[in-house]
Amino acid sequence: MPLLVKRSILILSVLGLAACGTAASGDQTPAGKPLAEPAVKVARARHDWPMFGFTPDKRNDSRASTGITARSAHRLHRRRVSLPGTVDSSPIYLHAARVHGRRRPIVVVTTTYGRTLALSAPTGRVLWSFTPRSYSSLKGSYRITTTSPVADASGTFVYAASPDGLIHKLRVSNGSQVTRGPWPVSVTRLPAREKLAAPLGLVGNRLVVATGGYIGDQPPYQGHVVTVDSRSGRRLHVWNSLCAERRYVLRPSTCPASDSAIWARAGVVADVSRGRLLLATGNAPYDGRRNFADSVVVLSLRTLRRVGGWTPPNQKALADSDADLGSTAPALLPGNLAAQGGKAGKIDLVDLRRGRSIQTVSTPAGQPMFTAPAVLVRGKRATIIETTFGGTEAWALRGRRLHKLWSNGTGGTSPVVAGGLAWIFDPSGALNAYLPGTGRRVAHLPAGSGHWNTPVVADGRVWLPEGSANDHATSGSLSIYSLR
């Protein structure tokens, strides 16, 4: 489970309660200095940010122009909006959602106790709120979720998780829940132990959900992946990282092994072109047959059968020292490669075809890595942005090797690349924007404190949730940055 440590950032590169608590504080002046760079006019391209990571491969890279440039980023003004819950994850954004009979841009967030809110993107005003039945019994307790919701391709439905182990299908038009058939869908038989921490994913009509555990690794639980038909709500397949021969949602006490959480910020990464899913697991036993702890695992997207992977030779030492390999997910790279970090402060470049590490480098300051990468792929070239908590480093992938490009000493949460800028939230209270190719900081903006919170950037705005799930609060805030 995560440790409270200082953060570092690695950039591998080649290049509810309706309308409750929505009063905004006054605009705050931006921080930062203009750069002596030529002005570049960028047309704003209206597009959605439908899930954590932007696309199913969780690369956190939007190539669409945002209307925010390296010269204008420092001029962003901040509007802070109060929310009836803490959003310790990322929002999603729909640029033209039909809500209450009208097309409008919205942001959708899920709070730590399972409320899902649709907010006006420009103002943060609550347009609708969905509150699960379990909310009143769980609020203020240890039972939280740090999932992000996901929207379908049509923008008609969003899918959201709650700490009672249910996945909800909500109408974007008004926040009402679909209850026909299996909806809401249960993905665990012991939600008091099996936590929904990783973001939800959607690949075509396959909803992808992963389970982990709570702080303290309280057995029994098993990390597992469930795919659900997003139309019918039918559970399609299950893969258990412990007792993997069982192809159904286990009662945790019936498996001799416990833990092996799937709790990374990116959760399960989809390699759509090869029809597979990639994930990394946490501490537990490993035998290569039934139990697959502290491993990179490759699953068939269609069947969830294991088709490959990699386990570090020191797997037992990682498990014994609580140094989860699965504190971060694999970052998918060109050439059938992946970069895999972890709590041990190392990053392995993994050849997925051969199932072996071909290079190992250190994270900044050798610190544990808890964040998801932003990966810019341009043909055979790629830029990956991964984070720990003490600095930022950029690497180039050349000839199947990593080469360091630049570094700095500023940390943050999972990076996001949008409109040619890398946006990184420093949870001690700042939002920074960098040029990914050089590491030059172009904006340093005020923000609240946080934990795993990740911004999204589109259509001339940045939306950043604030607050920590570990505070077990029933309130929080969202900062909205714009150039007005």
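**Exercises on a predicted model**

Leaving aside neighbours within four places in sequence, Asp294 is in contact (heavy atoms within 4.5 Å) with Thr281, Gly282, Asn283, Ala284, Thr311, Pro312, Gln315, Leu318, Ala319, Ala323, Asp324 and Leu325. The model is predicted, so local features need pLDDT of at least 70 and side-chain atom pairs pLDDT 80 or more, while totals for chains, interfaces and linings use all residues. Residues are numbered from 1 along each chain as its sequence is written, and side-chain values use heavy atoms, with hydrogens and water left out.

**Exercise 1.** Determine whether Asp294 is buried or exposed, and locate it.

*Solution.* 
Step 1: Asp294 belongs to the loop between strand S19 (276–280) and strand S20 (296–300); strands are DSSP runs of E, at least two residues, numbered from the N terminus.
Step 2: Asp294 is buried because its relative accessibility is 0%, where buried means under 20% relative accessible area and exposed over 50% (1.4 Å probe, protein chains only).
Step 3: The Asp294 side chain reaches the backbone nitrogen of Leu325 at 3.0 Å.

**Exercise 2.** Describe how strands S4 and S5 are joined.

*Solution.* 
Step 1: Strand S4 (residues 92–99) and strand S5 (residues 102–110) run antiparallel and are joined by 6 bridges; pairing requires at least two DSSP bridges.
Step 2: Tyr93 has Val107 in S5 as its bridge partner.
Step 3: The hairpin has 2 residues between the strands, and His100 takes a positive phi near 50 degrees.

Notes
Helix = DSSP H or I, 4+ residues; strand = E, 2+ residues; numbered from the N terminus. Polar contact = N/O pair within 3.5 Å; in protein donor to acceptor, adjacent residues only side chain to side chain.
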